[in-house]
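These are my notebook entries on a single protein chain. I record what I looked up, in the order in which I looked it up.

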Amino acid sequence: MGVPMAAGAGMGREACRPVRRVWSRRNPFRRRTDVLEGWAAFGAVAVFAVGGTAAAWAGASAVHGELSGRGAERQRTTAVLLRDAPPLTVLRGDVWSGGEVVAKVRWRDVDGLAHTGRARVSAGLLKGSKAEIWTDATGRHAVEPPPPAVDTGVQSAVAAGGAAGVVGCLAFGCRTVVRVRLDRRRAQEWERDWARVEPHWRQGSAGPSER
């Protein structure tokens, strides 16, 4: 009884053995085109892993540096309202902009020169009230406030994902092109082999009445 069980266990191990890859050197049916296809797939994964990571880091760094540079070029300045600030209005979208509205204000730059313009202030402030506004580095022009840190992080992440996606599309797109060309080559090889084997196959399968 021990011998059949051992044989059965051996058959079980043979049945559970994983199928060898087509482009493995131990596969007797391996073709040169199969090896090339395997290397193309490996190259696409490697390029995406290395190039995609590098592109994502470069894209995120570029966007983060650009947004951080914009914030560094702006400064907070105290201004005085020349008119009453309008109340919040949903139609103008003031509710979704942090409760700020645009009003006419006056401020002074670092040299003490007065400037007049329109800037974002808290809604409902009265004429003559003081408000903190954002100006450029010279203090001569009122500008939009810098984006919040959360927005900077989100835009950096989007840039990183987009850069990695572009690299992935290029890598796996090239792999697809290689595979299509190899499929055509395999089809041509199959047709040549069949043209060489078909006459012998027909002669060997012909019946007595056909000979």
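**Entry 1: Strand 4**

I began with strand 4, residues 130–136, and asked how many of its residues are buried. I found that 5 of the 7 are buried, so strand 4 is largely enclosed by the rest of the structure. I note here that the model is a predicted one.

I then looked for the partner of strand 4. Strand 1, residues 74–81, is joined to strand 4 by 7 bridges, and the two run antiparallel. I looked up two positions along this pairing. Val 80 of the chain stands opposite Lys 130 in strand 4. Arg 76 has Trp 134 as its bridge partner in strand 4.

Strand 1 and strand 2 are antiparallel and are joined by 2 bridges. In this pairing I noted Leu 81, whose bridge partner in strand 2 is Val 105. Strand 2 and strand 3 are also antiparallel, and I recorded 9 bridges between them. Val 102 stands opposite Arg 120 in strand 3.

**Entry 2: Glu 100**

I looked at Glu 100, which is placed in strand 2, residues 100–108.

**Entry 3: Ser 156**

I turned to Ser 156, which belongs to helix 3, residues 149–205. Because its relative accessibility is 8%, Ser 156 counts as buried. Which residues does Ser 156 touch, leaving out those up to four places away in sequence? I listed Ala 60, Val 63 and His 64. For Val 63 I also looked up the separation: it lies 93 residues from Ser 156 along the chain, while their C-alpha atoms are separated by 5.5 Å.

**Entry 4: Aromatic pairs**

I asked how many aromatic pairs the structure holds, and the count is 3. One of them is the pair of Trp 39 and Phe 42, which is edge-to-face, with 5.7 Å from centre to centre and 90° between the planes. Both residues lie in helix 2, residues 32–72, where they are 3 residues apart, about one turn of the helix. I recorded Trp 39 as exposed and Phe 42 as exposed too.

Trp 190 and Trp 194 are 4 residues apart in helix 3, so about one helical turn separates them. With 57% relative accessibility, Trp 190 counts as exposed. Trp 194, at 34% relative accessibility, counts as partly exposed.

**Entry 5: Cysteines**

I looked for disulfides and found 0 in the structure. I then looked up the accessibility of two residues, Cys 169 and Cys 174. Cys 169 has 58% relative accessibility and therefore counts as exposed. Cys 174 has 51% and therefore counts as exposed as well; the limit for exposed is over 50%.

**Entry 6: The chain as a whole**

The protein chain has 3 helices and 4 strands, and along the sequence they follow the pattern α-α-β-β-β-β-α. Of its 211 residues, 21% are buried. I also looked up the contacts between residues at least 6 apart in sequence: 60% of these join residues at least 24 apart. The chain exposes about 15,200 Å², of which carbon and sulfur atoms supply 61%.

Terms used:
Residues numbered from 1 in each chain as written. Predicted model: local features only at pLDDT ≥ 70, side-chain atom pairs only at ≥ 80, totals over all residues. Heavy atoms only, no water. Buried < 20%, exposed > 50% of the residue type's maximum accessible area, 1.4 Å probe, protein only. Contact = heavy atoms within 4.5 Å. Pairing = 2+ DSSP bridges. Phe/Tyr/Trp six-rings, centres within 6.5 Å; stacked < 30°, edge-to-face > 60°. Disulfide = S-S within 2.5 Å. Areas by Shrake-Rupley, 256 points an atom, 1.4 Å probe, with all protein chains shown as cover.
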